[in-house]
Amino acid sequence: MLVLGNANAQGSYSEGNAGYVDVSGVGAILKAEYFTIGTYGIGAINIRNGGTMVSVPFNPAAPYCPFDDKAYYDAWAGGDMDWKSTIVGYGANSTGAINVTGTGSSWQALDAYIGRMGNGTLDISSGGTVTGKMFNVGTYAGSYTDDYQGIIRVTGTGSSLSTDDVYIGDAGKANQTVTGGGSVREGNYYFGNAATGNGDASISGAGTTFAVNTMTVGVSGKGKVDIRDGASVAIGGGASTPPLLIAKNAGSVGVLEIGAASLTSGIIQAG
């Protein structure tokens with residue numbers, strides 16, 4: 001269990017309440033069942049120079065809760081956060097970041113919430129790699145100070161993100177950027193999931209690739225995907241048909257823009 005940037009005893013935000021971890025060098029490994037980065041304050045984990053962070057499955061025989069007791073936490077959180085999660089930007093006004101930088105640097109994640117109610121950022125750059133199960137970016141319509149409460153950036157040749165399911169703008173506002181030769185592969189992508197969700201992506205640059213099983217732009221909320229400047233996007237390979245949906249449910253808004261780029265898909269369904 002690792003908590004960075006926690007609150008004072010009353011659970012309110014305290015300026016200067018900050019925690020940072022640096023995982024640097026080949027052989028440097030950080031493992032935990034549960035990470036919160038930016039609980040009610042400021043927190044960051046920097047993984048660089050070949051360092052590794054590993055999210056390990058929760059052991060129910062040895063639970064540990066970041067609050068006074070797990071029953072209180074379950075009631076307060078609505079019971080929706082399981083105990084194998086990483087949460088970046090947990091509470092209102094919090095700020096959290098995970099930075100994975102450099103060839104050989106990696107984060108082996110399970111489930112992750114980036115920008116739960118505060119500001120959360122995942123930066124993957126210069127050859128860093130991240131793998132995971134479910135990533136939820138911009139979870140709630142919370143209190144945040146930036147344009148987006150949840151952000152994922154994949155930048156540079158060799159930098160990659162590979163997950164099973166990704167929600168960009170679940171009920172909050174979120175953005176994903178893939179550029180400069182970065183790559184995203186596998187998984188199912190959902191932009192603007194709930195009615196209040198607002199998610200967008202920018203995929204650009206020669207050598208940049210985005211190859212996923214399915215993509216829904218505007219599930220019940222607002223979604224936008226912009227592909228340009230030589231980027232390559234391929235959608236398909238999963239069991240779901242059609243692989244590309246735009247504005248799936250009533251009241252949703254989906255926008256797909258393509259400029260000097262490549263998009264390959266099977267069936268495309270709009271509305």
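Is Asp22 buried, partly exposed or exposed? At 43% relative accessibility, Asp22 falls in the partly exposed class, where buried means under 20% relative accessible area, exposed means over 50%, and partly exposed lies in between (1.4 Å probe, protein chains only).

Residues are numbered from 1 along each chain as its sequence is written, and side-chain values use heavy atoms, with hydrogens and water left out.

The pLDDT, which is the predictor's confidence in each residue on a scale from 0 to 100, has a mean of 84 for the chain, and 80% of the residues reach 70 or more. Over residues 66–70, however, the pLDDT is below 50, and this stretch has 10 contacts in the model beyond near neighbours in sequence, a contact meaning heavy atoms within 4.5 Å. The pLDDT is also below 50 over residues 75–83, a stretch with 26 contacts beyond near neighbours in sequence. Where pLDDT is low, the predicted coordinates should not be read in detail.

Side chains of opposite charge can pair when their charged atoms come close. Counting as a salt bridge a side-chain nitrogen of Lys or Arg within 4 Å of a carboxyl oxygen of Asp or Glu, the model has 5 salt bridges. In one of them, Asp22 pairs with Arg48, their closest N and O atoms being 2.7 Å apart. Because Asp22 lies in strand S2 (residues 18–24) and Arg48 in strand S5 (residues 42–48), this pair ties together parts that are 26 residues apart in sequence; strands here are DSSP runs of E with at least two residues, numbered from the N terminus. Arg48 is itself partly exposed, with a relative accessible area of 33%.

Elsewhere, a network of salt bridges links Lys224, Asp226, Arg228 and Glu257. Within this group, Glu257 and Lys224 meet at 3.9 Å, N to O, and the pair links strand S26 (residues 253–259), which holds Glu257, with strand S23 (residues 222–228), which holds Lys224, across 33 residues. Both ends are partly exposed, Glu257 at 32% relative accessibility and Lys224 at 36%. Arg228 and Asp226 also form a salt bridge, at 2.8 Å from N to O; here Arg228 is partly exposed at 28% relative accessibility, whereas Asp226 is buried at 14%.

Key: Helices (H or I, at least four residues) and strands (E, at least two) are DSSP runs, numbered from the N terminus.
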